[in-house]
Amino acid sequence: MNKCFFIYFLITTSFAFAAQETIVEASDLTSDNITNTTQQNNEEFTMSNDTVNIGINKKNRDGVVEILNNILANEYILYTKTLNYHWNVFGMQFHDLHEFFKDQYEKLFQNTDDVAERVTTLGGRALGTVKEFLNLAQIKESTTIPVAQDMIQNLLQDHEFVIQLLRNGLVEAQEKYSDAGTSNFLTDLMEKHEKLAWMLRVSLKKGK
Ligand SMILES: [Fe+2]
């Protein structure tokens, strides 16, 4: 009888510990802990993968990775917003804008991929969850469906914000962190956004 009770005690105690562990893991995912968790993940990832030997010390690479992940988060939100407009645009110009937004979101997706891979090239962890993107990005998602002209205006403003972010980032990468490769990469990316912004800007001009 005592032996049976002992086995029962062991089983119930094991379940209790397992449940407690699950609760702790779930609580780690609350929004208050996102920033700390991201920083901790980045530090742990860098410590276990710091085999990059390209003439830029780890402190400088960490600084550049931070710049790049902020750009990545904004690129991803802008990509999602453009995709949203591609799906939901309406009115007389539906077909043209539907295709126009498709061309833009495809290019933005390529940008997000390029930025993420620049992060990993430098030995960092590319942000890869929507929660992290939303937490970090300054660009806000569209929660309503605006008319076509406002869609174009919103996207133009967001591209202009990204262009300024890139302009600051390319200078900081070179002057503060001595990373000519990232500075050059961000310069090319800025030119791509300038072209996308131009296409949006001229679409807002009234024809005769
Ligand atoms: Fe589509």
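**From values to terms**

Modeller: This is a predicted model. Of the contacts in the chain with a separation of 6 or more, 76% are between residues 24 or more positions apart.

Biologist: What is the pattern of the chain, read along the sequence?

Modeller: The pattern is α-α-α-α-α-α-α, with seven helices and zero strands.

Biologist: What makes α4 roughly antiparallel to α7?

Modeller: The axes of α4 and α7 cross at roughly 170°. Angles over 145 degrees count as roughly antiparallel, so α4 is roughly antiparallel to α7. The two axes come within 12 Å.

Biologist: Which residues of α4 and α7 meet?

Modeller: From α4 they are Gln 104, Lys 107, Asn 111 and Arg 118, and from α7 Thr 182, Phe 185, Leu 189, Lys 192 and Leu 196. This contact holds three nonpolar, three polar and three charged residues.

Biologist: How much of the chain counts as buried?

Modeller: The share is 29% of the 208 residues. A residue is buried if 20 or more other C-beta atoms lie within 10 Å of its own.

Biologist: Which residues touch the most other members of the largest nonpolar core?

Modeller: They are Leu 68, Leu 72, Ala 73 and Val 119, in a core of 41 residues. At least two core residues come from each of α3, α4, α5, α6 and α7, and α3 gives the most, with 12.

Biologist: What does Leu 68 touch, leaving out residues up to four places away in sequence?

Modeller: Leu 68 touches Val 115, Arg 118 and Val 119.

Methods
Residues are numbered from 1 along each chain as its sequence is written. This is a predicted model: local features need pLDDT of at least 70, side-chain atom pairs count only at pLDDT 80 or more; totals for chains, interfaces and linings use all residues. Helices (H or I, at least four residues) and strands (E, at least two) are DSSP runs, numbered from the N terminus. A residue is buried if 20 or more other C-beta atoms lie within 10 Å of its own, exposed if 12 or fewer, and partly exposed in between; C-beta atoms are placed from the backbone. Two residues are in contact if their C-beta atoms, placed from the backbone, lie within 7 Å. A nonpolar core is a set of buried Ala, Val, Leu, Ile, Met, Phe, Trp, Tyr and Cys residues joined through C-beta atoms within 7 Å. Axes are lines fitted to C-alpha atoms, for helices over the stretch in contact, and angles run from 0 to 180 degrees between N-to-C directions. Angles under 35 degrees count as roughly parallel, over 145 as roughly antiparallel, 65 to 115 as roughly perpendicular and the rest as oblique. Ala, Val, Leu, Ile, Met, Phe, Trp, Tyr, Cys and Pro count as nonpolar, Asp, Glu, Lys and Arg as charged, and the others, Gly among them, as polar.
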